[in-house]
Amino acid sequence: ALPVRHPAHSGPDGEPVSGSKGQGPPRPGPYDAEGTALGYAEAREVLRRAGIAVPPAETAHSPEEASGISRRLPGRTVLKAAGLAHKTEAGGVVLGLDTAEQVAAAHRELVGRLGSDGVVVEQMDDRPGVVEVLVGVRHDAVFGSVILVGAGGVTAELWRDTAVELAPVTESEAGAMLARLRSFPLLRGWRGAPPVDLAALARAVASVSRIPLTEPWVTSCEINPLRAGPDGVLAVDALVVPRPE
């Protein structure tokens, strides 16, 4: 008989390696989950319940309401279509709005083009020294819940710099996952840049890994990007897929 081969954890170069929990889950990660995802406003609430920090935001249903919200938020503003899961692909994100008038105009354009019922008016994360990280958890039919961390942002799937473990993980295990990434030097501070708050980042990874326990109706949850800086982490986009009915 042929020997049984078990998939191992993916290491910094994306190749299988041994992990702290023995034989681990397969790649790819949670970003390939199928299903109908929640809208952004609902996904934010899942993250908030898990203890993941998100930027201050409110949902507006008119240009006037959007401009009023923006006046209460410090700094620049970003608008995001509340009911869309794949906002960037649909053109449902407007960045870098400086004035209430710009916010109102962007709201009109967004609703007119996409027909969105609500628009999330969110404080834009302009912090310097930020590194974008991908964090996700999904239910695997063979292994149960698995947690993935990796280089984040729009090029995440291009670089495929990831590490995977069975979920949930402790903060210590989450930190070890981060250390396996090729991009880990960026998190520690590259060429004079300040290091990110690794403890806060590890806490966030551990919190995401527990979502299948605290929200059993969720089949996958991906944060991309989770923006990690010297003063903590902020989740500025999330894709949450519920279990089929």
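A nonpolar core is taken here as a set of buried Ala, Val, Leu, Ile, Met, Phe, Trp, Tyr and Cys residues joined through side-chain atoms within 4.5 Å. I note that the model is predicted.

Entry 1, cores. I looked up the largest nonpolar core and found 38 residues in it. Ile 52, Ile 147 and Leu 226 touch the most other members. Apart from this core lies another, of 12 residues, and I listed Leu 97, Ala 106, Leu 110 and Val 119 among them.

Entry 2, Leu 226. I then asked which residues Leu 226 touches, not counting those up to four places away in sequence. The list holds Ile 52, Val 131, Glu 132, Val 133, Val 135, Leu 201, Ala 204, Val 233, Leu 234 and Ala 235. Leu 226 stands opposite Ala 235 in β11.

I checked how helix α2, residues 63–72, packs on helix α3, residues 100–114: the angle is about 145° and the axes are 8 Å apart. The crossing of α2 and α3 is right-handed. From α2, Pro 63, Glu 64, Ala 66, Ser 67, Ser 70 and Arg 71 meet Ala 100, Glu 101, Val 103, Ala 104, His 107 and Arg 108 of α3. By class, I noted five nonpolar, three polar and four charged residues in the contact of α2 with α3.

Technical notes
Residues are numbered from 1 along each chain as its sequence is written. This is a predicted model: local features need pLDDT of at least 70, side-chain atom pairs count only at pLDDT 80 or more; totals for chains, interfaces and linings use all residues. Side-chain values use heavy atoms; hydrogens and water are left out. Two strands pair if DSSP finds at least two bridges between them. Helices (H or I, at least four residues) and strands (E, at least two) are DSSP runs, numbered from the N terminus. Buried means under 20% relative accessible area, exposed over 50%, partly exposed in between (1.4 Å probe, protein chains only). Contact means heavy atoms within 4.5 Å. Axes are lines fitted to C-alpha atoms, for helices over the stretch in contact, and angles run from 0 to 180 degrees between N-to-C directions. A crossing is left-handed if the near helix is turned anticlockwise from the far one by less than a right angle, and right-handed if clockwise. Ala, Val, Leu, Ile, Met, Phe, Trp, Tyr, Cys and Pro count as nonpolar, Asp, Glu, Lys and Arg as charged, and the others, Gly among them, as polar.
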